[in-house]
Amino acid sequence: MNTPQSPKDVLSIIEREKVEIIDLRFMDFPGLWQHFSVPAGEIDENSFEEGLGFDGSSIRGWRAINESDMLVKPVPETAFIDPFLQHKTLVMICNICDPITGEEYTKDPRNIARKTVAYFKSSGLADIAYFGPEAEFFIFDDIRFDQNEHSGYYFVDSVEGRWNTGRDEGPNLGYKPRYKEGYFPVPPTDSQQDIRSEMLLTMEKIGMAVECQHHEVATGGQAEIDMRFAPLVEMADNLLKYKYIIKNTAKKYGKTVTFMPKPLFNDNGSGMHVHMSLWKDNKNLFAGDGYAGLSEVGLYAIGGILKHAPALLAFTNPTTNSYKRLVPGFEAPVNLAYSSRNRSAAVRIPMYSSSEKAKRFEFRCPDPSCNPYLAFSAISMAVVDGIINKIHPGEPLDKDIYDLPPEELSKVDQTPGSLRAALEALEKDHDFLLKGDVFTSDVIETWIDYKMTNEVQALDLRPHPWEFALYYDI
């Protein structure tokens with residue numbers, strides 16, 4: 001299916017493909033895709049301009065019940081045929097609008113991303129911001145969890161899990177990746193090649209550009225599929241399609257996928273290294289003759305990232321579980337430094353190619369639990385602040401940070417140690433996000449309040465199983 005460019009294109013596809021159902025999707029505030037469906041006959045050209053109504057009061061972080069009416073406006077360029085549903089269904093991603101004022105809703109994450117792009121262009125700084133996230137995930141065979149007043153537990157299992165080498169599997173074939181050694185054994189140790197290939201091919205089928213797929217470092221079915229870079233809003237849209245396809249393909253095989261950053265103790269977690277470059281007049285603004293082939297603009301961009309990293313992490317690493325991954329010893333970048341080739345730095349300049357077109361930086365802290373519209377927008381605004389205010393990142397750190405002596409390591413700033421600390425950093429440092437009315441004060445306030453109340457404080461209230469091991473016999 002060719003990418004539609006107009007409402008007429010979408011209506012032609014509906015007729016040609018004999019589409020029965022139109023599925024309208026949008027992002028809630030914390031970061032889960034939402035949807036509702038209408039018969040194909042309910043969509044006409046006016047639907048794209050006038051929108052369709054829904055109740056916004058039940059969407060997390062959005063409207064109060066006394067101001068619940070909202071509109072979705074389908075975006076024609078996002079249309080694709082759903083590859084999983086029984087009835088022929090055409091999916092469209094939507095923007096959210098206020099039905100009274102007609103204005104774009106300030107808490108619609110996609111609206112924030114679109115405003116970020118508009119700010120780049122209106123400031124004359126850049127025409128386009130390219131993003132290339134590398135989202136990791138786990139494919140498990142079983143997941144059980146519960147929490148109530150007198151008990152709490154989780155249990156995950158995978159036929160690939162190293163902990164199952166002694167299990168009676170009738171027969172147990174023994175091909176299970178060792179802890180931290182899942183990168184890149186061939187089958188039969190890698191038992192999920194066909195599943196990942198089907199995920200990749202399904203992405204291509206709906207028009208996504210995919211570069212590779214592979215097993216990742218951890219035991220228990222950790223994986224990665226890399227998409228080709230794309231402009232900010234398009235890439236955020238693609239990441240939602242990515243998660244949708246991966247989860248539903250796994251379900252076809254009787255398996256389950258999680259994008260939790262740290263579902264397994266004592267093995268690598270799932271990150272989402274984010275590659276970024278800025279372009280203007282078809283020229284890569286980050287390419288130059290400075291350190292690692294970067295321009296002065298590229299260095300200032302990194303300076304903005306490192307300066308605002310503690311606040312950024314409130315959006316790029318937005319779960320309490322995120323900070324179980326951001327610890328030393330598991331390839332996660334906990335030190336706020338930059339380097340070429342050094343994967344222990346928070347910001348890395350990849351050196352795979354000497355081409356100016358390939359020049360970019362890689363922010364290694366984010367993880368796939370984030371809302372991509374908000375995460376990419378926050379990263380962009382930190383970059384803008386770095387460039388406008390000429391924030392130099394200082395000297396690069398090309399040593400292995402984890403092997404530095406304590407006196408040298410103490411001079412390197414570290415990432416926040418918890419979601420609470422990241423939210424507190426955001427509370428103190430968010431003016432850079434408000435420029436150009438990209439993020440608004442109500443967005444920042446709601447984000448901090450929602451995360452503190454529903455996640456940080458909620459977790460604080462509950463006993464942890466390990467606390468019983470530590471303290472029960474006191």
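Let's start with two helices. Helix α3, residues 109–122, packs with helix α5, residues 232–252, at an angle of about 155°. Their axes are 9 Å apart. An angle over 145 degrees counts as roughly antiparallel, so α3 is roughly antiparallel to α5. Keep in mind that this is a predicted model.

Who makes the contact? On the α3 side we have R110, A113, R114, T116 and V117. On the α5 side we have L232, V233 and D237. Sort these residues by class, and you get four nonpolar, one polar and three charged.

Now step back to the whole chain. The secondary structure comes to 13 helices and 18 strands. Along its principal axes, the C-alpha trace spans about 65 × 60 × 50 Å.

How does the radius of gyration fit a compact globule? The chain has 474 residues, and a compact globule of that length would have a radius of gyration near 23 Å. The protein chain has 23 Å, so the value agrees with the globule.

Next, burial. Of the 474 residues, 54% are buried. The accessible surface comes to about 22,000 Å². Carbon and sulfur atoms account for 50% of that surface.

And contacts along the sequence. Take the contacts between residues at least 6 apart in sequence. Of those, 68% join residues at least 24 apart.

Let's look at some single residues. I'll begin with P76. Where is P76? In the loop between β4, residues 69–74, and β5, residues 80–81. Buried means under 20% relative accessible area. P76 has 12%, so P76 is buried. What does P76 touch, leaving aside neighbours within four places in sequence? The list is P4, Q5, S6, P7, V10, F48 and M92. Now look at P76 and T3. They are 73 residues apart in sequence. In space, they are 8.6 Å apart, C-alpha to C-alpha.

I59 is next. I59 sits in the loop between β3, residues 52–55, and β4. Buried or exposed? At 12% relative accessibility, I59 counts as buried. Not counting residues up to four places away in sequence, I59 touches F26, D28, Q34 and F54. Pick out Q34 from that list. I59 and Q34 are 25 residues apart in sequence and 8.6 Å apart in space, C-alpha to C-alpha.

On to L200. This residue is found in helix α4, residues 193–205. Its relative accessible area is 15%, so L200 is buried. Beyond the neighbours within four places in sequence, L200 is in contact with V210, C212, Q213 and I225. How far is L200 from V10? They are 190 residues apart in sequence, and their C-alpha atoms are 25 Å apart in space.

Then S322, in helix α7, residues 322–325. Its relative accessibility is 0%, so S322 counts as buried. Leaving aside neighbours within four places in sequence, S322 is in contact with P261, N317, D367 and S369.

Last topic: the backbone. Here is some background. Most residues other than glycine have a negative phi, and most peptide bonds are trans.

Two peptide bonds first. The bond from G170 to P171 is cis, with omega near 5°. P171 is in the loop between β9, residues 152–157, and α4. A cis peptide bond also joins P187 and P188. There, omega is about 10°. P188 lies in the loop between β9 and α4 as well.

Now phi. N266 is not a glycine, yet its phi is positive, about 70°. Find N266 in the loop between β13, residues 256–258, and β14, residues 272–280. Its relative accessible area is 46%, so N266 is partly exposed.

D281 is not a glycine either, and its phi is positive, about 50°. D281 is in the loop between β14 and β15, residues 283–284. Is D281 buried or exposed? Exposed means over 50% relative accessible area. D281 has 62%, so D281 is exposed.

To recap. Helices α3 and α5 pack roughly antiparallel. The chain's radius of gyration agrees with a compact globule.

Methods:
Residues numbered from 1 in each chain as written. Predicted model: local features only at pLDDT ≥ 70, side-chain atom pairs only at ≥ 80, totals over all residues. Heavy atoms only, no water. Axes fitted to C-alpha atoms, helices over the stretch in contact; angles between N-to-C directions. Helix = DSSP H or I, 4+ residues; strand = E, 2+ residues; numbered from the N terminus. Parallel < 35°, antiparallel > 145°, perpendicular 65-115°, else oblique. Contact = heavy atoms within 4.5 Å. Nonpolar A, V, L, I, M, F, W, Y, C, P; charged D, E, K, R; others polar. Rg over C-alpha atoms; globule rule 2.2 N^0.38 Å. Buried < 20%, exposed > 50% of the residue type's maximum accessible area, 1.4 Å probe, protein only. Areas by Shrake-Rupley, 256 points an atom, 1.4 Å probe, with all protein chains shown as cover.
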